[in-house]
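Hi,

Here is the structure I promised to pass on.

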Amino acid sequence: MSEAQIKEIKNENPLSEHWYQLRKNKTAMTGLVIIALFILIGIFAPLISPMDPLEQNIEFRKTAPLTGGYLLGTDDLGRDMLSRLLYGARISMIIGVISVSISLVFGSAIGLISAYYGGIVDKIVMRLIDIMLAFPYILLTIVIVAVLGPSLMNAMVAIGISQIPRYSRVVRASVLAEKESDYVLAERALGAGDLELMFKSILPNCLAPISVQATLGIGTAILDSAALSFLGLGAQPPTPEWGLMIASSKEFITSAWWIVTFPGIATLLSVLGFNLLGDGLRDILDPRMRD
Amino acid sequence: MLKYILKRLALLLPTLFGVVTLVFFMIALAPGDPARVMLGERASKEKIERLRADLGLDKPMSEQYTLYLKRVVHLDFGKSIKSGQPVMSEIRERFPATVELAFCAMIFATLLGVWIGVLSATRKNSWVDLTSMVGALFGVSMPVFWLALVMIMIFSVGLNMFPTGGRINIRYYFTPETNFYLIDTFKYLFRGKPEYFLSALHHLVLPSIALGTIPLAIIARTTRSSMLEVLTQDYIKTVRSSGIKEGRVIYRYALRNALLPVITVIGLQFGLLLSGAILTETIFAWPGIGKWLYQAISARDYPAVQGGIIIISTCFVLINLVVDILYSVINPKVRLQ
């Protein structure tokens, strides 16, 4: 055993132990690097973009990559593809975080309450969750957007709502497992209230499965919002959203391959990052959850 | 066994009732007057009032709801605003196209996915395993509609190998009976017109691959991990030590048990395909229920949207039920719990 390893084992903080395992896990680290890259691009998009993503330059429309000073070419309205893709990273990261936050907050709360109180509350909540799960997931998203009206914000809300069952189930299962454990019973005996027990004692111990689910969920959310935009139900022109860029390229598959190809690759890479990190986290935090 | 099935069926009814209720109120409580949305801003007041009366929108909400429930029980979803046809007959007409596509996609995904999964598991950590698992990861990370467009770009437009859309060469005229084109054109194989069947098959290739990519990736991963688990078990060691050939050990003895979790995944994915078809069908101009539903949503054809969603969700729930029952037939542990 190397000295570094011994040092890590001595360290009692569980978070730093997880971080140590994370650093050893190639899958997770690759994912983390990709995600970090996309977040940085998202934050610094205005600084690193060579041009304004919305500026049209009709004279130079459908310019091929590497010509006329356009690294990745221009789209059908002469807008710089690279700048649009960089700004698209910002939009996709925001979509992922907001939709997952919505499902995380509501899903965890529902699962927590349902499992903690049990009985009739649990029965009713689980029935409602079953009804939501009776809709094929993407269909539920589409219906919610169709009702709310097509916009990027509504797309995020719709994705957030339709992912709620996933989180409720995960949280419910782990709360049920923790609820009767000794430390919870001890704290209850010491006079801890329901809220304190739920949020301070039980929830922190359910964080492992939740974080895996949330990481994978961000990837799903990015894919779904791209799909919604592609169908005209999400982001609206001229927003540089990747799915919308793919949608508007449909007519040019015979003439300009780069307009189709690049936004897809950007989406693929960012989602890949979250899937890699999610798979890695699952291996580290809960080996039993491996598929 | 019968008790288990009856219990599951009893749970089905409240779920379906919930689905119908949720769909009804989501559409009914949508902001804006459906009649105005359907007819446009410039429609005259009388016209809007007439449509509201036709749709029953002038009645109180509770009455509308009970009326809707009564009709749904008889599979009557009203008439499509756009075409004037009963929603149910529109769905019935398009359903075979979607089922045909979903079946082909699933056959593609299952055969290839199980094969790749077994190959990866038996050669764990080899380059075959690594490539397949990276490939599977790409498969689930990719926007499927983008894959479809790239395939059209390369194989249809570029190489001219496959048609860009549709179900059959439009010059081949025949009367569809079942609307499953592979079945309808099958008899032409023996009547000197084999090109009918081949054309239908040819049109299925790209959409099936596009629709089947995600299930393919998930089936390959599930098969691999399930296979790895089974291969460590004692009975496999016993079989091996009795001198049976390795290929037979894997396909005859190990795969049989490894397929149990795969069957559940296949069923679940098949249910999801019905809705995943919305994107694929839109891109490949496939005249199925997905494309139809998308058009209904775009046109705000509310009776059609309600009917379409209820039918697809019901199929989804039923498929899941069948899968669960099948699973309990193969795996007695489940029903004894």
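At what angle do helix α12 (residues 257–285) of chain A and α7(B) pack, and how far apart are their axes? The angle is about 145° and the axes are 10 Å apart. (Axes are lines fitted to C-alpha atoms, for helices over the stretch in contact, and angles run from 0 to 180 degrees between N-to-C directions; helices are DSSP runs of H or I, at least four residues, numbered from the N terminus.)

Before going on, some housekeeping: this is a predicted model, where local features need pLDDT of at least 70 and side-chain atom pairs count only at pLDDT 80 or more, while totals for chains, interfaces and linings use all residues. Residues are numbered from 1 along each chain as its sequence is written, with chains lettered from A and ligands numbered from 1 in the order in which they are written.

Back to that helix pair. α12(A) passes α7(B) in a left-handed crossing, meaning that the near helix is turned anticlockwise from the far one by less than a right angle (clockwise would be right-handed). On the chain A side, the contact uses Trp257(A), Val260(A), Thr261(A), Gly264(A) and Thr267(A); α7(B) brings Trp146(B), Leu149(B), Val150(B) and Met153(B). Contact here means C-beta atoms, placed from the backbone, within 7 Å.

Across the whole interface, 39 residues of chain B are in contact with 34 residues of chain A. The chain B side draws at least two residues from each of several helices, including α1 (2–28), α7 (144–158) and α13 (302–330). By class, that side has 29 nonpolar, 9 polar and 1 charged. (Ala, Val, Leu, Ile, Met, Phe, Trp, Tyr, Cys and Pro count as nonpolar, Asp, Glu, Lys and Arg as charged, and the others, Gly among them, as polar.)

Within chain B, α1(B) and α13(B) pack at about 160°, again with axes 10 Å apart. That makes the two roughly antiparallel, a label for angles over 145 degrees. Their crossing is right-handed.

Two helices of chain A are worth a look for burial. In α10(A), 20 of the 24 residues are buried, so the helix is largely enclosed by the rest of the structure. Buried means that 20 or more other C-beta atoms, placed from the backbone, lie within 10 Å of the residue's own. Helix α8 (residues 182–189) of chain A is hardly covered, with a buried count of 0 among its 8 residues. After α10(A) comes Gly232(A), with a positive phi near 85°, and after α8(A) comes Gly191(A), with a positive phi near 100°.

Cheers

Notes. Two residues are in contact if their C-beta atoms, placed from the backbone, lie within 7 Å. A residue is buried if 20 or more other C-beta atoms lie within 10 Å of its own, exposed if 12 or fewer, and partly exposed in between; C-beta atoms are placed from the backbone. Angles under 35 degrees count as roughly parallel, over 145 as roughly antiparallel, 65 to 115 as roughly perpendicular and the rest as oblique.
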